[in-house]
Amino acid sequence: MKKKLIGISLMVFGSFANAIEIPAVPGEIIVKFKTGFAKNFHVNGLTVNREIKLAHESLHVLKTNNGLSNFQSLLSSLKNNPDIIYAEPNYIYHATTDDPQFSQLWGLSNTGKNEPKGKAGVSGADINAIRAWELTTGSRQVKVAVIDTGVDYNHPDLKGNVWINEKELNGKPSVDDDGNGFVDDIHGYNFAVNTADPMDGHGHGTHCSGTIGALHDNGVGVAGVMSEVTIVPVKFLDDNGSGTLEAAVRAIDYATELNVDLMSNSWGGGGKSQALEDAIRRASDKGIIFTAAAGNSSSDNDKAPSYPASYDVPNVVSVAALTAQNDLASFSSYGKNSVHIAAPGQNILSTVKGGGYEVMSGTSMATPHVSGVLGLLLAKEGRMPHEVMKERLTMTGVPVAALRGKTQTASRIDAYNLLTDTRPERNDPNPHNWKVVTLDEVFQSEHPYKENTTMKKIVKVAGAKFIRVKVVKYGMESGYDYLRLTDAKGIAVQKISGTGEKYTSDYMEGDTVTLDFISDRTVNGWGFQVEEVEVQY
């Protein structure tokens, strides 16, 4: 793993016309004295912060608390001091990959400025991959079946991580050399047209595979969550992206018989199928994890299940999509009870067929992030009971305000936390301590409301730590007209649409909630009425 400078930038000026950004700890200088530390050493604006004791010598860290405006003059004076051998900024180094497009992979390392479409993001709102790689980058002993449109197994960023069935590769053509019932399945199988070639003619499966396991440090393209993994291409979706239940069941059964460790499933649709559920359950019984995309219909899976993500089977992990802005993607389905975790899923750069790279969005892109992180856990600790794995997955996630009421623990997956079983503190309100506060004036629309209506009300309750809204009644065109709730930090926490009565919103941190009612120019409904909020102090 190569090293690359990242972190807080120190502006260094010299003979160049432009400033050169060299990341370093702000205000810190590492010094080596010629004859050890001089007790009478003094430079205005600098203090000795700590000693670095090494095997054969000691260094000292000097720190300025007067800001960085005079940092360069302080550094220059130290370099010219006859009692000092050298003085240099406390540079920041971190492990990363030698992959040209790594800087655009905000899902792995979000700088706030590296979303491929150029939108400003939230620094650190990622899966914490770089820190996790200090513990493990994966293992080729971990087999992940990508059940999708196939995989471009010749892609330069994937070829080294794609499964090779050695018995079939070295066996006789048109013979089932390994006796698994499939002839010449060297890299997997194609259940869309029943051939032994799972080559991707669409691009979707290759994109998912790159997020899971694009090679690191190979000088091309991107990097996957796992540097080492065995990706098993299992194609059941055709080159138009469609597949049958029959093909899906056969694909899952094939991967189960191969005893893969994890199946990554970025697909959905159709009604509830017992055949599909049974196939997933057989995989569960063999200890195989089944990650699944929650769906892209912006709907609540608790109320309108999306399959296969909504099957109540122990091995199923349902995944919602997060944006680089640390928000639930507008297209992502969700479910407080049925969706387990959220992961980066909007504007994700990864591999595609023909050796290329493209940006895609969807819970399809979020799912392989989770597959890869769970693959790291498998590489580090091996298989564990599904209930243990899922509890750890959800409780080690980083709390995200915008996910409250959207996933089981309102969390974004964190690879480092998962690998170390680090559980962030969850600042949740006591369910028994809510107090009602009546609004000074009822906030309501006309009944029925008019087209192109916009209304806003800011409710502030001094001293409140948590706040939530009580909606007496609402009736709006579902998905088009809505009441949006925004917290004190300006994060949109919830949109209320459709119809209902006596509804209590998700809670928000802080003493303020902003209510915005927005309608379009088509169907009108009854509207809404809000008389109270509830708070905790």
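So, Ser519: leaving aside residues up to four places away in sequence, this serine touches Tyr449, Lys450, Glu451, Asn452, Thr453 and Asp481. Keep in mind that we're looking at a predicted model. Ser519 sits in the loop between strand 26, residues 512-518, and strand 27, residues 527-536. Is Ser519 buried or exposed? With a relative accessible area of 6%, Ser519 counts as buried, because the cut-off for that is under 20%.

What does the side chain do in there? A polar atom of the Ser519 side chain lies 3.1 Å from the backbone oxygen of Lys450.

Okay, on to the helices. Helix 4, residues 204-213, and helix 7, residues 363-381, have axes that come within 8 Å and cross at roughly 35°. The crossing is right-handed. From helix 4 you've got His204, His207, Cys208, Thr211 and Ile212, and they meet Ser364, Met365, Pro368, His369, Ser371 and Gly372 of helix 7. Sort the residues of that contact and you get four nonpolar, seven polar and no charged.

Last stop, a hairpin. Strand 15, residues 348-352, runs antiparallel to strand 16, residues 356-360, and five bridges join them. Leu349 stands opposite Val359 in strand 16. Now the turn: there are three residues between the strands, and Gly354 takes a positive phi near 75° in this hairpin.

That's my tour.

Technical notes
Residues numbered from 1 in each chain as written. Predicted model: local features only at pLDDT ≥ 70, side-chain atom pairs only at ≥ 80, totals over all residues. Heavy atoms only, no water. Axes fitted to C-alpha atoms, helices over the stretch in contact; angles between N-to-C directions. Helix = DSSP H or I, 4+ residues; strand = E, 2+ residues; numbered from the N terminus. Left-handed = near helix turned anticlockwise from the far one by under 90°. Contact = heavy atoms within 4.5 Å. Nonpolar A, V, L, I, M, F, W, Y, C, P; charged D, E, K, R; others polar. Buried < 20%, exposed > 50% of the residue type's maximum accessible area, 1.4 Å probe, protein only. Polar contact = N/O pair within 3.5 Å; in protein donor to acceptor, adjacent residues only side chain to side chain. Pairing = 2+ DSSP bridges.
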